[in-house]
Amino acid sequence: MISLAMIVKNEEKYLDRCLKSAAHMVDEIIVVDTGSTDRTVEIAEQYDAKLYRFEWIDDFAAARNYSLEHVTGDWVLVLDADQYFQEDFSESIKQFTNSNAKRAGLIEIISKYEQNGQTLHSTDYMARLFPRGARFEGRIHEQLTPLMPTVVTGLKLMHDGYFQTDKGTRNIPLLLKALEEEPDDAYLNFQLGKQYRGADEYNLAQHYTEKAYGLLQGSNPPFALETIIELLEVLTVNKQYEAALELASNEVEWLDKSPDFAFSVAQFLLEYAIDAQDFSVVGNIENSYLKCLELGRAGAKEIVIGASTYLAAYNLAVFYESIGNDANAKEYYALSDSYGYEPAKERLQKYTS
């Protein structure tokens, strides 16, 4: 038996879509409301959800654990209201939960967000399908406990709650409160840095991301690469080019493993070249974008979707266009366009009309 467990507050914009995509895959729906004043509860009732109330105490783990107290299924699927399935994963869920092994299922989360005027999608994996009896810990960005083996399930969730939405107003105070309790938690510092960047508070973003990076030395948690890339990008925005160069040099091994790192290095070098009028790095910019595409062909994992394909090809084409290499610009606009990237199609018209 599979139980869906959710915590919600004022989610009328998203909840129907979420439940419509998931209700037929589970045997019961547990919805804990933390103080909605819109149609959230009414929508949950339409799906025969078992509804419970929980007074919000600035603690996501506490609210989630309250929802887990009410599940009766052998396995629990945890979703947020702004997530939804685009496919029917009923069979995949059955196959995973038919095992008696105590393990947590990793679900791929594809998140839509806006950055520098661009609409982007990132991918991450979260343990959100697990045996009853597990709990969460952490005031925000809560993690499953106890630790158990994780297995990729093949399930994919779309997530757009952060797109053109300011969640920093909610998340930053919670992260600051969590850091009062655990000031040297690298993950919390990393997440706070990301939130400040999203709020265009780049000095604070740099402060907390630098602290996270410093706390990571000697360890390699799953978010280590994201921390490095986040710091490189924030240093670039803040025009801290010497520090960015030192970081890129210290982490150069990622250049052969991560298209996202190679992409960020290219962006940093491009900004530096323009600002400093130092064109000695032109070859490195070209090579970094080419490395993104090389890694993509080799099947390397990417964080930002397109970093190893259409985004890298498009930026490389723009680079070639800027230095007057129209033949290469046309080639890479065409490559980007082959992935259906609309901006590439528009730029390509210059060469085909």
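F223 is buried, with a relative accessible area of 14%, where buried means under 20% relative accessible area, exposed means over 50%, and partly exposed lies in between, using a 1.4 Å probe and protein chains only. The model is predicted, so local features need pLDDT of at least 70 and side-chain atom pairs count only at pLDDT 80 or more, while totals for chains, interfaces and linings use all residues. Residues are numbered from 1 along each chain as its sequence is written, and side-chain values use heavy atoms, leaving out hydrogens and water.

A pair of aromatic rings is described by the distance of the centres and the angle of the planes. Rings of Phe, Tyr and Trp (its six-membered ring) pair if their centres lie within 6.5 Å, and planes under 30 degrees apart count as stacked, over 60 as edge-to-face and the rest as tilted. By this rule there are 19 aromatic pairs. In one of them, the ring centres of W56 and F60 are 4.9 Å apart and the planes stand at 75°, so the pair is edge-to-face. W56 is partly exposed at 26% relative accessible area, whereas F60, at 12%, counts as buried.

The rings of Y187 and F223 have centres 5.0 Å apart and planes at 65°, and therefore this pair is edge-to-face. The pair links distant parts of the chain, 36 residues apart, with Y187 in helix α6 (residues 186-198) and F223 in the loop between α7 (202-216) and α8 (224-237); helices are DSSP runs (H or I, at least four residues), numbered from the N terminus. Y187 is partly exposed, with a relative accessible area of 22%.

Ring pairs also join Y310, Y314, Y333, Y339, Y341 and Y351 into a cluster.

Methods. Helix = DSSP H or I, 4+ residues; strand = E, 2+ residues; numbered from the N terminus.
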